[in-house]
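Visitor: Pick one part of this model and take me through it slowly, please. I'd like the pairings and contacts spelled out, with the cut-offs behind the words.

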Amino acid sequence: MPSIQATVAAAEGLHARPASLFVQEAARQPVKVTVGRPGSAPVDARSLLAVMTLGARHGETLELSAEGDEALAALHTLAALLAADPVH
């Protein structure tokens, strides 16, 4: 299963608006993506409640994983979103 790491760039971390934008983009992907802290149990990236429960802060590194034909493209799309501050 491919996985990549990405740093949360949003100043307020993955809370409220940034988390919502991330979840919406994850739901648009053709494969299921999970997200979590490296070494910890991942959560479904399409679940707003699960993503917000991570409590990911600005500058924190998260691991994204997916499986399927378009997994790498989905991971790179979501990692780019995390690496940019989507609110600003």
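Guide: Let's start at Thr 7, whose bridge partner in E4 is Thr 61. Keep in mind that this is a predicted model, where local features need pLDDT of at least 70 and side-chain atom pairs count only at pLDDT 80 or more, while totals for chains, interfaces and linings use all residues. Residues are numbered from 1 along each chain as its sequence is written, and side-chain values use heavy atoms, with hydrogens and water left out.

Back to the pairing: Ile 4 sits opposite Leu 64 in E4. In total, E1 and strand E4 (residues 61-66) are joined by five bridges and run antiparallel. As for the labels, helices (H or I, at least four residues) and strands (E, at least two) are DSSP runs numbered from the N terminus, and two strands count as paired if DSSP finds at least two bridges between them. E4 also runs antiparallel to strand E2 (residues 33-36), with four bridges joining them; there, Leu 64 turns up again as the bridge partner of Val 35.

Put together, you get an open sheet of four strands, ordered E1-E4-E2-E3, with antiparallel pairing. E1 (3-7) and E3 (43-44) each have a single partner strand, so they stand at the edges and one side of each has no neighbour in the sheet.

Helix H3 (residues 71-83) is where you'll find Leu 78. Leu 78 is buried, at 0% relative accessible area (buried is under 20%, exposed over 50%, partly exposed in between, with a 1.4 Å probe and protein chains only). Leaving out residues up to four places away in sequence, Leu 78 touches Phe 22, Glu 25, Ala 26, Gln 29, Val 33 and Leu 64, where contact means heavy atoms within 4.5 Å. Leu 78 and Val 33 are 45 residues apart in sequence, yet their C-alpha atoms are 9.1 Å apart in space. With that sequence cut-off, the contacts of Val 33 include Val 43, Ala 74 and Leu 75 too.
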